[in-house]
Amino acid sequence: MLRPFFFDVLHVDGRSLIDEPLQVRKSVLAQAVPSHLRLPTLDTSDAGEAERFAAAAVAAGHEGVMVKSLDSPYQAGRRGAAWRKVKPVHTLDLVVLAAEWGHGRRTGRLSNLHLGARGDEGSFVMVGKTFKGLTDELLRWQTEALLARAIGAPEAGYIQHVRPELVVEIAIDGVQRSVRYPGGVALRFARVRGYRPDKSAAEADTIEMVRSLL
């Protein structure tokens with residue numbers, strides 16, 4: 001059964017509230033909509049209170065919270081400095097299995113990484129790709145390091161497979177079920193935090209660890 005939840009009000013009784021600050025709109029919403037149909041909110045300047053509220057939201061199954069200035073008007077399609085989406089960031093240590101030759105300003109660089117989690121008996125299970133978070137300096141280093149570990153000619157002319165030796169720290173917003181990858185799971189909004197020269201591929205996170213984030 002579908003159940004509506006209201007978190008803002010833009011127009012009521014012929015009056016537009018779009019340019020009114022959030023504090024005013026919240027007051028009008030409280031008068032117009034019963035509490036059991038309003039999304040829970042917290043007005044606070046206390047960081048500890050905010051963290052506990054956010055943790056409770058995640059525990060209830062939400063991906064995070066929206067932090068809004070009480071002085072902000074409603075701006076459709078925009079967040080900006082007055083509205084911030086805050087959600088937990090997970091990190092995984094994964095192994096680079098292959099990389100794709102870039103194009104545009106990344107021509108001549110191995111860019112889009114194919115990422116794998118540790119499977120059974122030394123195998124690796126692909127769980128996603130990313131080219132986000134790579135600086136020009138890291139792209140240059142990465143290309144040299146991966147070419148030194150290249151296996152054969154590029155597949156389809158642009159996918160260079162490599163020996164699974166380099167461990168990279170990947171930040172993600174979560175994982176989701178997927179039939180695209182053999183492990184049945186895919187990374188959400190993956191981006192590179194940096195390489196882990198202190199770790200070997202045998203110390204990378206396992207596919208079970210990745211699945212536990214579902």
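Which residue lies over the face of tryptophan 83? Let's take a friendly walk through this predicted model and find out.

## Around tryptophan 83

Lysine 68 is the residue in question: it lies over the face of tryptophan 83, at 4.2 Å from the ring centre. Tryptophan 83 itself is buried, because its relative accessible area of 9% falls under the 20% limit.

Tryptophan 83 also has an aromatic partner, tyrosine 74. The structure holds two aromatic pairs, and in the one formed by tyrosine 74 and tryptophan 83 the ring centres are 5.5 Å apart. The planes of these two rings meet at 65°, so the pair counts as edge-to-face, a class that calls for an angle over 60 degrees.

## Two domains

How far apart are the centres of domain 1 and domain 2? Taken over C-alpha atoms, the separation is 38 Å. The domain assignment places domain 1 at 11–86 and domain 2 at 90–212.

Where does leucine 39 sit in the chain? Its place is the loop between helix H1 (22–32) and helix H2 (47–59). Leucine 39 counts as partly exposed, since its relative accessibility of 38% lies between the 20% and 50% limits.

Definitions and conventions
Residues numbered from 1 in each chain as written. Predicted model: local features only at pLDDT ≥ 70, side-chain atom pairs only at ≥ 80, totals over all residues. Heavy atoms only, no water. Phe/Tyr/Trp six-rings, centres within 6.5 Å; stacked < 30°, edge-to-face > 60°. Buried < 20%, exposed > 50% of the residue type's maximum accessible area, 1.4 Å probe, protein only. Lys NZ or Arg CZ within 6 Å of the ring centre and 35° of its normal. Domains from an automatic or database assignment. Helix = DSSP H or I, 4+ residues; strand = E, 2+ residues; numbered from the N terminus.
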